[in-house]
Amino acid sequence: MSHPDFELYDNAGRDADQISAARHGIATRADLLRWARRDAVPFLAEHPLPDSPLPSPDPAPYLAALAAAQTPAEVHAVTSRLLDAAEPALRAMSDYLVAAAQWRGQHREAAKGSPARLLLEAAGRALSALAIADQGDLEALRAACDPAPALKHPAPSRSALPPSSTAPGQAPPHRPAR
């Protein structure tokens with residue numbers, strides 16, 4: 001039989017989230033999710049939502065085509081088709097996250113790190129992932145198909161200024177009038 005005072009400090013069988021939550025007197029992530037599921041039952045009965053994940057592109061054909069690609073143009077063709085296929089789902093997710101952030105005006109004057117700001121940041125990042133992937137794909141294509149020309153004359157260094165020159169940001173020396 002254990003002592004009641006000891007049970008408060010007995011962390012056997014608890015995960016790090018439970019231990020931290022108990023130490024700070026807050027609910028765990030699992031607690032919050034369980035309470036939300038319980039409290040949303042009547043709402044979801046009136047507004048049924050699909051339980052299945054949103055449709056997503058099957059990556060198998062893209063991965064197979066990528067493995068067979070021999071040139072940067074072929075890799076670009078596969079990558080751009082995948083980005084085009086993923087764009088509608090990511091845009092829909094971004095639009096939803098923006099709507100959730102704006103729900104009941106909670107985004108107005110929301111502080112950095114607040115739930116509304118985090119949702120807006122996630123919405124932007126969902127779309128910026130597409131833009132970054134597109135930029136990376138284009139830069140890979142550029143490196144293979146249109147490399148930058150080699151410089152024939154390197155740019156002069158700042159230390160190679162002629163003695164009569166003035167370094168950038170400095171005023172020219174004052175010369176007395178004759």
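The legends below describe an overview and several close-up views of a predicted model. Residues are numbered from 1 along each chain as its sequence is written, and side-chain values use heavy atoms, with hydrogens and water left out. In this predicted model, local features need pLDDT of at least 70 and side-chain atom pairs count only at pLDDT 80 or more, whereas totals for chains, interfaces and linings use all residues.

**View 1. The protein chain as a whole, with six helices and zero strands.** Helices (H or I, at least four residues) and strands (E, at least two) are DSSP runs numbered from the N terminus, and from that end the elements of the protein chain follow the order α-α-α-α-α-α. The protein chain has 178 residues, 11% of which are buried; here buried means under 20% relative accessible area, exposed means over 50%, and partly exposed lies in between (1.4 Å probe, protein chains only). Its accessible surface comes to about 15,000 Å², with 61% belonging to carbon and sulfur atoms, as computed by the Shrake-Rupley method with a 1.4 Å probe, where for residues only the protein chains shown count as cover.

**View 2. Confidence along the protein chain, from helix α1 to helix α4.** The predictor's confidence in each residue is given as pLDDT, from 0 to 100; the protein chain averages 80, and 78% of the residues score at least 70. Confidence is lowest in helix α1 (residues 4-7), with a mean of 48, and highest in helix α4 (residues 59-68), at 95. Where pLDDT is low, the predicted coordinates should not be read in detail.

**View 3. The salt bridge between Arg34 and Asp31 in helix α3.** A salt bridge is a side-chain nitrogen of Lys or Arg within 4 Å of a carboxyl oxygen of Asp or Glu, and the structure holds five of them. Side chains of opposite charge can pair when their charged atoms come close. In this view the N to O distance between Arg34 and Asp31 is 3.0 Å, and the two residues lie three apart, about one turn of the helix. Arg34 is partly exposed, at 42% relative accessibility.

**View 4. A nonpolar surface patch of Phe43, Leu44 and Leu49.** Together these three residues have about 310 Å² of accessible area. Patches are made of residues with over 30% relative accessible area and no salt bridge, like charges being joined within 9 Å and nonpolar side chains (Val, Leu, Ile, Met, Phe, Trp, Tyr) within 5 Å. Leu44 belongs to helix α3 (residues 29-46) and is partly exposed, with a relative accessible area of 39%.

**View 5. Ser94 and Arg91 in helix α5.** Ser94, placed in helix α5 (residues 72-102), is buried because its relative accessible area is 4%. Leaving aside residues up to four places away in sequence, Ser94 touches Ala123, Ala126 and Leu127, a contact being heavy atoms within 4.5 Å. Arg91 forms a salt bridge with Glu87, with the closest N and O atoms 2.5 Å apart. Arg91 and Glu87 are four residues apart in helix α5, so about one helical turn separates them. Arg91 is partly exposed at 38%, and Glu87 is partly exposed at 27%.

**View 6. The salt bridge between Glu121 and Arg125 in helix α6.** The closest N and O atoms of Glu121 and Arg125 are 2.8 Å apart, and both residues lie in helix α6 (residues 115-145), four residues apart, about one turn of the helix. Glu121 counts as partly exposed at 39% relative accessibility, whereas Arg125 counts as exposed at 55%.
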